[in-house]
Amino acid sequence: QWLSDRKKRALQKKDVDIRRRIELIQDFEMPTVSTKIKVSRDGQYIMAVGTYKPRVRCFDTYQLSQKFERCLDSEVVTFEILSDDYSKIVFLQCGRFVEFHSQHGHYYKTRIPKFGRDFSYHYPSCDLYFVGASSEVYRLNLEQGRFLNSLQTEASESNVCDINPVHFLFAMGTAEGKVECWDPRTRNRVGLLDCALSSVTADTEIEGLPSISALKFDGALNMAVGTSTGQVLLYDLRSSNPLIVKDHHYGLPIKSVQFQHQLDLIISADSRIIKMWNKDTGKIFTSMEPEHDINDVCLYPNSGMLMTANEAPKMNIYYIPVLGPAPKWCSFLDNLTEELEENPESTVYDDYKFVTRKDLENLGLAHLIGSSLLRAYMHGFFMDIRLYHKAKMMANPFAYEEYRREKIRQKIEETRAQRVQLKKLPKVNKELALKLIEEEGEEQQFSKKRKQKNLPSLLKDDRFKVMFENPDFQVDEESEEFRLLNPLVSKISQKRKRKLKILEELEAQGQEEEEEPEGKASDAESSESSDDEKGWVEEVRKQRKLLRQEEKLKRQERLKEDQQTLLKPQFFEIKEGEEFRSFKDSAKKQKLMKKTLEDRLKLEEKLGTLNVSDTTVGSKQATFKLKKSEQQRKQQEAEKLHRQERKTLRRSASHLKSRRGRGQLFH
């Protein structure tokens with residue numbers, strides 16, 4: 001798709017695979033731009049509108065070709081197929097015209113008062129609901145052939161509308177970011193959703209008020225709403241809060257929202273990307289970025305086929321086998337995909353070179369990211385092979401000399417392969433390689449006795465070659481996982497390390513024969529390698545004990561570091577009206593709250609604040625004494641002291657009076 005038509009024709013003469021490529025529908029394109037695409041209910045016809053000149057094209061899937069083409073007076077905003085086939089079609093055009101087509105062609109044309117943007121067909125009453133640059137929703141009855149009373153809304157303008165296929169609720173998205181729901185039977189509004197407020201999340205940057213740009217019902221209760229700022233909101237009609245808010249992160253208006261029921265996916269698209277995500281979790285399933293801007297997306301019913309209308313002549317067709325089977329008119333696609341899975345082949349591009357971001361940095365071409373010279377693909381980019389060769393020559397002018405030396409070295413290694421060679425171990429994971437060589441030798445002896453075929457060696461397998469070359473794959477024998485999962489590795493590795501040391505000495509001395517270590521027979525080695533289950537359990541316990549000791553030492557070191565560090569004093573604020581006693585009181589309260597009710601009651605009985613007694617009826621009666629706060633206790637002590645002072649004052653006053661009376665009497 002990146003190549004020009006001339007280049008494609010030249011490739012078709014040479015490449016057999018390109019000549020075998022199939023074109024599902026012949027001439028599936030528009031002269032300049034395609035704006036809308038839909039499938040009839042019977043699945044036989046695909047209809048698309050576009051420019052220039054304004055026209056509609058109908059494609060027959062049974063014939064895999066175009067059935068007819070009709071030119072129109074003005075551009076089509078949107079259209080709807082009312083019948084099961086192409087015999088009844090309604091077009092909403094730019095010049096406020098509504099045009100009806102039958103099987104033979106143009107049938108009737110009428111006009112609405114204001115410019116329309118979308119419409120929906122209400123099957124029970126045969127009404128067409130038009131929304132657009134007005135606060136009214138115009139109703140045109142196709143049975144009576146006349147306009148009915150309009151629905152008066154609170155919105156200044158409306159962008160999209162849809163009718164629920166189950167209970168026929170009419171919903172319309174407004175320019176103010178709200179969704180109004182109307183009951184066609186009573187012609188009254190039954191609900192209002194403020195989607196603009198719900199679409200704003202913590203990480204979104206909003207420059208203006210989000211308006212509604214897409215609307216789609218799913219079943220009786222679910223509804224998906226797309227905004228002009230790139231968010232998709234999934235609603236349950238019983239709640240005013242969205243279940244999920246999905247952001248496309250492009251800031252572009254959502255053009256289309258579709259539901260895929262086989263995998264419970266939502267397919268949302270803006271002009272740049274098509275995203276498929278799970279409607280329950282919001283997790284991304286996959287995404288597609290076509291070369292040209294997207295105008296509309298159509299999902300073929302009950303299949304894995306997807307069609308798009310683009311800002312380009314060709315209309316794209318995608319087939320994703322995971323979403324569903326191929327349609328019956330192109331069922332051979334399933335066989336083709338199965339053959340591709342059975343025979344995977346690496347595709348070689350002669351004109352392009354795949355490079356990663358790291359390769360671009362090494363070549364000094366990182367500044368080209370985002371330009372037309374690099375085409376993003378998966379985890380890297382495609383670039384022109386000529387540009388790649390030029391950049392590589394400039395970045396490394398001695399690359400040819402290095403390549404020449406490498407080839408000479410390979411030739412010398414091939415000649416040395418005929419000589420008697422030592423067992424050369426790799427630089428990485430030497431012990432693992434030695435273990436594999438020993439196991440391979442034992443298996444070869446066993447297979448010779450049983451007359452079986454030898455299994456391929458892991459050391460010679462290209463799939464595992466990196467494990468013995470890249471230091472990142474070095475096995476860490478000191479890690480906790482290795483020591484616990486391999487309890488016998490300490491005993492086996494000791495024997496292997498001794499043998500490894502001998503092999504390294506032999507390599508250094510240049511000997512050509514490998515001798516067995518002196519002082520130890522092969523029978524002794526086999527007896528050492530055979531351990532029973534008891535030894536395995538003991539080794540596991542030993543390793544666990546060592547790990548606990550190491551952890552204890554680490555804790556002690558951390559404790560010493562903590563003791564050496566100087567802690568700054570911390571200040572705490574006490575609430576007003578409370579008196580600080582000690583930290584032990586709060587600790588006692590927390591400890592007391594963790595106890596059960598029975599333990600707390602027993603403790604209260606001991607303290608004397610609770611009294612439990614049996615009644616005559618047989619039940620129990622509990623008498624509590626509430627604890628008094630510090631402020632109440634101080635107040636009571638002050639009152640008690642005040643009462644004692646008054647009592648003493650009264651006594652002294654009565655005593656003085658009695659003394660005066662006795663003095664007057666004696667006088």
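Which residue in strand 11 is the bridge partner of Leu128? The tour of this predicted model returns to that question at its second stop.

**First stop: the whole chain**

Begin with the entire chain displayed as a cartoon. Its secondary structure comes to 15 helices and 32 strands. The chain has 667 residues, of which 33% count as buried.

**Second stop: an open sheet**

Next, select residues 127–132 and 136–141, which are strand 10 and strand 11. These strands pair in the antiparallel sense over four bridges. Here the opening question is settled: the bridge partner of Leu128 is Leu140. Strands of a sheet pair through backbone hydrogen bonds, in either a parallel or an antiparallel manner.

Now extend the selection to the open sheet of four strands, whose order is 9-10-11-12 with antiparallel pairing. At its edges lie strand 9 (116–122) and strand 12 (146–152), each of which pairs on one side only. From one strand to the next, the twist averages 25°.

Move to Gln44, which is placed in the loop between strand 1 (33–39) and strand 2 (45–51). Is Gln44 buried or exposed? Its relative accessibility is 15%, and buried means under 20%, so Gln44 counts as buried. Show the side chains of Gln44 and Tyr45: a polar contact joins them at 3.4 Å.

Select Ile25, Phe28, Ile37, Ile46, Met305, Met307 and Leu333. Of the 20 residues in the largest nonpolar core, these touch the most other members. Strand 1, strand 2 and strand 26 (305–310) each supply at least two residues of this core. The largest share, three residues, comes from strand 26.

Centre the view on Ile46. Apart from neighbours within four places in sequence, Ile46 is in contact with several residues, including Ile25, Phe28, Ile37 and Met307.

Finally, select Leu169, Val179, Leu193 and Ile212, which are among the 14 residues of a second, separate core.

How values were computed: Residues numbered from 1 in each chain as written. Predicted model: local features only at pLDDT ≥ 70, side-chain atom pairs only at ≥ 80, totals over all residues. Heavy atoms only, no water. Buried < 20%, exposed > 50% of the residue type's maximum accessible area, 1.4 Å probe, protein only. Polar contact = N/O pair within 3.5 Å; in protein donor to acceptor, adjacent residues only side chain to side chain. Core = buried A, V, L, I, M, F, W, Y, C linked by side-chain atoms within 4.5 Å. Contact = heavy atoms within 4.5 Å. Pairing = 2+ DSSP bridges. Axes fitted to C-alpha atoms, helices over the stretch in contact; angles between N-to-C directions.
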